Every structure is written in C-alpha cells, then in structure tokens.
Amino acid sequence: MHLKTVHPELTFTSKPEQLRCETFYFPAFQWAQTMVFAIEEINKDPALLPNITLGYRLYDNCVNLAVAFRAATALISGVGDTFTNYSCTGTPPVLGIVGDPGSTNSIAISRMLGLFRVPLVSYYATCSCLSNIKEFPSFFRTIPSDAFQVKAMIQIIKHYGWTWVGAIASDDDYGQYAVKTFIDQANRFGCIAFSETLPSVSTKAQIVKIVETVKQSTARVIVVFSLVAYFIPLAREIVHQNIRDRQWIASEAWTTSTGILSEETFSSFGGTIGIAIRRGEIPGLLEFLFQVKPAYDPSYTLINQFWEEMFNCKFQLITNSPHLSALVRSRICTGSEDIESTQTAYTDVSELRASYNVYKAVYALAHSLHDLMSCESGKGPFENNSCADITRVQYGQLLHYLKTVNFITHYGDRVSFDENGDALAIYDVMNWQRADDGSVKIETIGLFDESAPAGQELTLQEDKIFWNFDSNAPPRSVCSESCLPGTRKAARKGEPLCCFDCIPCAVGEISNHTDFWSNPRRDQCVMKDIEFLSYEEPLGISLTTISLLGACVSAGVLAVFIYYRNTPVVKANNSELSFLLLLSLILCFLCSLLFIGQPLHLTCMLRHVVFGISFVLCISCILVKTIVVIMAFKATLPDNNVMKWFGAAQQRGTVFVFTVIQAVICIIWLSTASPVPFKNTKYQNSKIIYQCNVGSITGFSCLFGYIGLLASVCFLLAFLARNLPDTFNEAKFITFSMLIFCAVWIAFIPAYVSSPGKYSDAVEIFGILASSFGLLIAIFAPKCYIILFRPEKNTKKSLMGRTAPN
C-alpha cells in the first residue's frame, strides 16, 4: 500500500510497535476500503451467510516482504486476541486472507500458509509460478496468471506481424517469470531484439544504459513487464531523451497507471497498447468511500495516515513529534474536511480493476463459507460423509469448498478457480489516447478471453486505436524486410533468424512449399515434374513386354514338359523339380512388374519380398537338381545305395527349407523396417523422383546375400560335376546357367549404385530378366529342342546309347 518503510527500534523485551509507512498510495487504500465494503455488504445480505457476521483485520504491507510476512503471521496466530483458557479448540483467528498484491510477497507468504492450509486469495499477484498447486496448495487468485497475460500480448504482436521486439522486465518474480515465458513464446514465430532487466533500486547509470539499448535497437515494439514504481525512472529518462518512435506494449501492472500517463509523457508513450485487468462495477462503493472518517485513536493508523495525506495535515496527537517541521505543525487535521470535494485515485471508481478483484476475492471466501454451512448431514465431503462444524471451522475444510466455489457477481462475471487456483483469464485491451478536450485518457479497444473458441480469443476495434506515429498506422517491427520475388533469405552470422540478407535465388529456390519449383524468372512457383518408371513410357513398355514374354515362354515350356512328362528326357531330368523350377521362373519374370509404376506402400513391400522368395525357390530347385546328379552318379558305383537317403521327399523338403529361410528373412525385415515409398528431391531439385526406400539396409543385404550364397554353392557343385558321363550332362547346363546368373548380378551392383532416379529400377528389372532368361535358356532350351525337334532322340535307348564307351 506504500512505497517506503520506516522500521522502529525493536528489542526482545519491548512490545512491537506499529510500522510506520510513508508515501501513501491512494489506490491501495481504495482496495482496503473495497474489502470493508464487501464484508459489510455480505453481512447485510440475508441470503448469504444468514446469522453469520464476518469480521476483518487490515494490515499494511508497506511494499516490503518482511512487513507482509509479519502481518500474515500475526493474522493466523491471533496476535492481540484475548484467551479465556488454554484450549486450542474453536475457530481459528482468521479463516482466510485476502492479499498479498505482490507476487514476491505472495510466494513467501504462501509457502508458510500452505503448511497450515490457510487460504490466501490474492487480487493482484500474477506470477505464473504461483500456479504450482503442489508448491502452493492454499493459494488462489482472482486475477489471471501471467501465463495468460503473455498469451494475450503474444496474440496482439502476432496480429500486427511484429517479429522483432524488445523486452524489459523488472528484477522481481513478477517481471522475470513473465519475460521468460514471453521470450519462449515469442521465439516460436519471431525474435527478441534485446532483453533488459530493470533494477528495483536503480541508478542513473543503469537507467541510461537501458535507454541506450532502446535507442540503438532497430526494434520498434518494446514489451515491458514491470511494476509502476520500478518503471517510472525509465519512463522519465525516455521522455527526457525525447524517444518517440517506439510502440510500447504494457503489462497489466502499469497499463492503467496514471503515475506514468500524463501530458508530459504522452509524446513518448502515446498509443501504448496494454493488457488490463477486467474492469467491473461495484454499485454503492463511491458513497461508501465518502463515508470514511478519521478517529482520534492511535490504533487507527491507516485511516489517520490516509486523512493526513489526503488533506496535507497532521492530527494534533502527533504534532509534538520532533521529526515534524513547524509548517506541518501549523496544519492541524480537524476531521471535518470535505472528502467529496477531492479528486484522487481513491475516489475514482470509473476504472475499478484491482478493487473489483478485491471485491471478488471477499465474495469467494464468503461463498465457500456459505457452501460449508449449507452441507447436509450425511452428505458431506469429509470422513464418513460428515460435514464441517461452522463453529469449529478448520482451514483445510474451508479450502475444500474454496476450490469448488462458483458464483456470478452483480456485474455479471463468473468467479471460479481451476485446478491450479487460477481465475478465468479475461483481459481488457487498452490504448493510451487523447480525449476530445486535449487531455490524455486510457481507452478500451478490445478484449482477450481465453475461454473463447480457438482463434477468436482476441477481438480488437481497429477504428478506435490511436497510433503515436505520423501515419497513425501500426508500425513495422521486423529485423529484415521480406525478400522481393527472385531473391531469398541468407542468414547473418551471429544474428537471430529474423535478421537476414536478400540474395538472388539459386535455381529452384523461390518457395518453401513442398512439391513446388521456381519458374525460369524465379519469381513464381510451378509444380515440379514427377518421375518414376511408368508403364506409359517406352522404357516401361519395353520392360513390361519382355517380362510378360519371359513369363509366357516359361509357361509354354512348362506346358511342353507336362505334356511330355512320360518321355525319357523329362523323366531323366527329375520332372517334379523341373515343374517347380519353371513355376519359380514364371514368378521371377512377373515380379519385375512390381518395379514398374508409381511406388506405393504395398508394392514397395512386395517387390523385394516376391523377388527374393522367387529366386531362392528357383536356385533351390537347381541346387537340389545338382545334388541329385552327383548322387545319381555315385549310386552307379558298386555297393553304393546313397539315393535312398535323398529321395523325392528329401528333395522337396530341402527346397522347402531353403525357401522358408528366405521367407523368415523377409518377415523380420518387414516387421523391423519395411520398405516405404518416398520422394527423392536431393538428386535433382527440379524433379520429384518417386522411389522405394529399402528401410533396413541389413534386411536388404541379407536377402541378396542369401541368394548369392545359394547361387555360389550351386555353381561350385555344378562346376565340380561338369565332367560326369554324358547321361548326366545336366551338370554342364547348370554350370553354364549359374555362370550367367552370377555374372549378371555381379555386374548389377555397380550399375545399380550409379544409376540415377528411375533408371535404378530399370537396372534391377534388367538384372531380373537377364538372369531369368539365362536360367530358362541354359537349362531348358536343349531339352525342348530334343522334345520338339528331335523326337527320335527322346527315347531311353538313345539316352542309354550316349553312354556307350568310346
């Protein structure tokens, strides 16, 4: 309530004297009287707390933490109370405390009161740190938290496109917590040009240094989180140095302050936009304020000091003090001075903001007490559904009802608290303007309501806003202007992202929109070309035709083998494995079609899975055929019965096991990091190349490595068996086919790595087709030739004759 404290001398044995505060603050005394008015109004209301009379005690905190803490301790300990016995039962000295207005004081007091669950309802402490319900379990407030204030200010800044702003904050909990939250949110869309701390006790040099920072910065918008008393020295220096080209954004602590707004400061601070506590109306308050009268009693300190400050006089009881001048002694207060003839912040009820919050705080405590006494027996919230006893109310019991209080004031505003003890966030947006008569005024130009639908929280009346600039229009506050068409941003080393140079665009660098590219002039965006191996283009048509041709030829060979399945050539070459081999070759040819067309999630997963399983099935059949050839030769030796251990069942089982291993590899690959389609823009910026990302390189390598392992083993066995007698010359064909297969896939690796874009898919298709045709021709062409064109050799006698000794 005051700006200066004078401490009396204290000893351990003397009774503590009343602290004497100087520099009386009239608005704060109005807050105190509003509390008294609300209590008397409640006591007269038969519907609220019937048969209950509320009392009160007023303490001055002198804007001093030690004094505030001492007052809170006195309130809960009942200093001055008279006890008739030593019983600790009954109602506590006070049931709740309204205050403290300062965040720093409230933090310290709440830590102590929270231990005893004493409700503390602040009407002006806005630090967001107080929303920590675990740390401050008994703290409530009727003013919104700074977190909501910052949201409102951010909305205003974003509304006008200000991305380069300065920040000044007082060196206390209020300023530091608020500016930290502000900087965090502002950096999401803009940059902070500078951040200065305003000392609570400042020197001339410190103030001048901050002003120099303001002058040298290119930021035209400056946000200030500070109490009025701390900001006044800086405001005076700004006016003294005639700094006019700045747009000030005021926090709620000084938005409506008449201590800064005046004719002298309007040249620098005119047009200031600020966030203000929600304004309200309290019918009958003005008449009550006029009723205050001094009392010739030293215990009535606050009223007497108020009277002395209001009329610049002293009561006769203290005029003999040696500290008073002769001029002051000559001015004796009579107590009959006319308070209605004065015009001060005390009697100004046109902008009730903090006082309105005091009013709501008192009513919140009253309504919670009313809810407590209205509890029905057996339906209470406490143990065994019990209710609290109104004659023995405990702090924790009242705290329970305060958390759920919900009522509407005479002005129509709802009062309730969220789970953190915070009030509903609603602010008036204010603007410092000139009135029609030339005086200065603070005008409401908008509203911020946190409960409004998303995107509609802030409403501004643009036609009512005054801008203190020659154009009477919003200023621009950016570190660098937007780059013209054909140029791009280039970050400046060591500076924020909002500061950049504009340089000519490189090819394609004009837009940050996905899938777009620049035109030749680099001042307009056009769609990028999309590239993938398509069925419509000549390369895609050719590969599709060859794939289908290979599948048809394989199917034709299969049909020939099935039709001539009883002939010696087909029987001699293990017809069952031949049929399975031809089926796998058909799959090999057809799987290449999955590599053509726009990659989809399904095709990306299937293309390598089908390819891997088809080729493993194919190589497995060839490997088993090779093993059969070798065993058949050994079976012709005397006393060798090895073929009974590798009959048809074992052959089928071997093929199955080899194929299942590849299937397991594919399943593990797909379940860990399966292939997915992606847009490749790194190879060529002017195009979007649709490709399949293989996902796990390990899985991809295992798939190809397993095929290579089987092919290598098959080639080695076939090569070792190439000199067997002519009856078993199948080994020669297998050797030749595997030589082609290995050569194709060895050449595939460098060709695939070096092929750009869609041509990498074409190279892989070529590898599939070349190796498949190599196997088909090398193994089945000689047999089809004999079956179709030399049927006379397709006899058992002919085959046996070829084995005759030379």
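In strand β10, glycine 274 is the bridge partner of alanine 250. Helices and strands here are DSSP runs, numbered from the N terminus: a helix is H or I over at least four residues, a strand is E over at least two. This is a predicted model, where local features need pLDDT of at least 70, side-chain atom pairs count only at pLDDT 80 or more, and totals for chains, interfaces and linings use all residues. Residues are numbered from 1 along each chain as its sequence is written, and side-chain values use heavy atoms, with hydrogens and water left out.

Stay with strand β9. It runs parallel to β10 (residues 273-277), and two bridges join them. Two strands pair if DSSP finds at least two bridges between them. Strand β8 (residues 221-225) also pairs with β9, in the parallel sense, over four bridges. There, valine 221 stands opposite glutamine 247. How does the chain get from β8 to β9? It crosses through α7, and this β-α-β crossover is right-handed. Right-handed means that, with the strands pointing away from the viewer, the path from the first strand over the helix to the second runs clockwise.

Now look at the side chains. In a regular strand they alternate between the two faces of the sheet. In β9, Gln247 and Ile249 point one way, while Trp248 and Ala250 point the other way. All four are buried. Buried means under 20% relative accessible area, exposed means over 50%, and partly exposed is in between (1.4 Å probe, protein chains only).

Is glutamine 241 buried or partly exposed? Its relative accessible area is 22%, so it is partly exposed. Leaving aside neighbours within four places in sequence, glutamine 241 is in contact with Val211, Glu212 and Lys215. Contact means heavy atoms within 4.5 Å. Asparagine 242 lies in this loop between α7 and β9. Asparagine 242 is partly exposed, at 43%. Its phi is near 55°, a positive value in a residue other than glycine.

Most residues other than glycine have a negative phi, and most peptide bonds are trans. Leucine 49 has a positive phi of about 55°. Leucine 49 sits in the loop between α1 (26-44) and α2 (65-77). Its relative accessible area is 3%, so leucine 49 is buried. A cis peptide bond joins glycine 99 and aspartate 100, with omega about -15°. Aspartate 100 lies in the loop between β3 (97-98) and α3 (103-116).

Next, two helices. The axes of α12 (residues 354-373) and α13 (residues 395-403) come within 8 Å and cross at roughly 110°. Axes are lines fitted to C-alpha atoms, for helices over the stretch in contact, and angles run from 0 to 180 degrees between N-to-C directions. The angle makes α12 roughly perpendicular to α13; that label covers 65 to 115 degrees, while under 35 is roughly parallel, over 145 roughly antiparallel and the rest oblique. Residues making the contact include Leu365 and Leu369 of α12 and Leu398 and Tyr401 of α13.

Finally, the cores. A nonpolar core is a set of buried Ala, Val, Leu, Ile, Met, Phe, Trp, Tyr and Cys residues joined through side-chain atoms within 4.5 Å. The largest has 64 residues, and those with the most contacts inside it include Phe611 and Met738. Apart from it lies another core of 60 residues, among them Phe24 and Ile282.
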